[in-house]
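Have a look at the picture before reading on.

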Amino acid sequence: MRTESGHLLRAAAGNDPGKGTGRAEPRQAPGRPAGPTPAKRRAILDAAVEVFLREGYQRASVDTIADAARVSKQTVYNHFGDKERLFIAAVEGERRRVAEAFTPAPHTRTRPRPGSGPGPEPGPGPGTPDPAPRSGRDPGPEPARTPRPPPRPPPVSPPT
């Protein structure tokens with residue numbers, strides 16, 4: 001026997017906890033995971049972003065989004081309730097994705113660039129020659145520079 005929402009019911013009999021109460025308990029259909037799955041939710045949100053961007057909110061339909069996500073229309077409604085909530089979830093997901101792209105990972109330590117923070121710039125003082133580069137490598141001799149040719153003299157006009 002099935003409920004109005006389509007769940008299978010197990011009759012209250014035998015060793016069931018509801019024995020004698022006349023209540024039936026929902027039973028999951030064999031071979032199906034219980035409840036909404038994160039993979040389907042992600043597929044629906046990805047499809048929703050694509051469809052909303054392509055068609056706009058008014059023209060986008062839940063049928064089109066369900067087809068793009070390769071799920072049933074009912075699965076979309078089970079996850080989000082209605083088109084407006086799906087749209088809000090899609091926009092929020094994109095907002096988070098963009099914000100994360102501009103936020104350093106928590107384990108990443110950033111060092112201030114020289115001269116960007118308060119206090120004197122590290123390194124030698126004024127008038128002191130700069131020591132070897134801090135990388136520990138000797139850069140070798142400075143590359144030879146090609147001298148510029150001297151400027152051309154102005155053209156000479158023949159005497160008239």
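This is a predicted model: local features need pLDDT of at least 70, side-chain atom pairs count only at pLDDT 80 or more; totals for chains, interfaces and linings use all residues.

At what angle do the axes of helix 1 and helix 3 cross, and within what distance do they come? The two axes cross at roughly 100° and come within 10 Å. That makes helix 1 roughly perpendicular to helix 3, a label for angles of 65 to 115 degrees. Lys 40, Arg 41, Ile 44 and Leu 45 of helix 1 make this contact with Thr 75, Val 76, His 79 and Phe 80 of helix 3. By class, these residues are four nonpolar, two polar and two charged.

Residues are numbered from 1 along each chain as its sequence is written, and side-chain values use heavy atoms, leaving out hydrogens and water. Helices are DSSP runs (H or I, at least four residues) numbered from the N terminus. Axes are lines fitted to C-alpha atoms over the stretch in contact, with angles from 0 to 180 degrees between N-to-C directions. Contact means heavy atoms within 4.5 Å.

Here are two further helix pairs.

| Helix pair | Angle | Axis distance |
|---|---|---|
| Helix 2 (residues 62-69) and helix 3 (residues 73-80) | about 100° | 8 Å |
| Helix 1 (residues 38-59) and helix 4 | roughly 105° | within 9 Å |

Helix 2 is therefore roughly perpendicular to helix 3, and helix 1 is roughly perpendicular to helix 4. The contact of helix 1 with helix 4 has 10 nonpolar, one polar and three charged residues. Among them are Phe 52 in helix 1 and Phe 87 in helix 4.

Ile 88 lies in helix 4 (residues 83-101).

Finally, the structure holds seven salt bridges, each a side-chain nitrogen of Lys or Arg within 4 Å of a carboxyl oxygen of Asp or Glu. One of them joins Arg 42 and Asp 46, whose closest N and O atoms are 3.0 Å apart. Arg 42 and Asp 46 are four residues apart in helix 1, so about one helical turn separates them.

How values were computed: Helices (H or I, at least four residues) and strands (E, at least two) are DSSP runs, numbered from the N terminus. Angles under 35 degrees count as roughly parallel, over 145 as roughly antiparallel, 65 to 115 as roughly perpendicular and the rest as oblique. Ala, Val, Leu, Ile, Met, Phe, Trp, Tyr, Cys and Pro count as nonpolar, Asp, Glu, Lys and Arg as charged, and the others, Gly among them, as polar.
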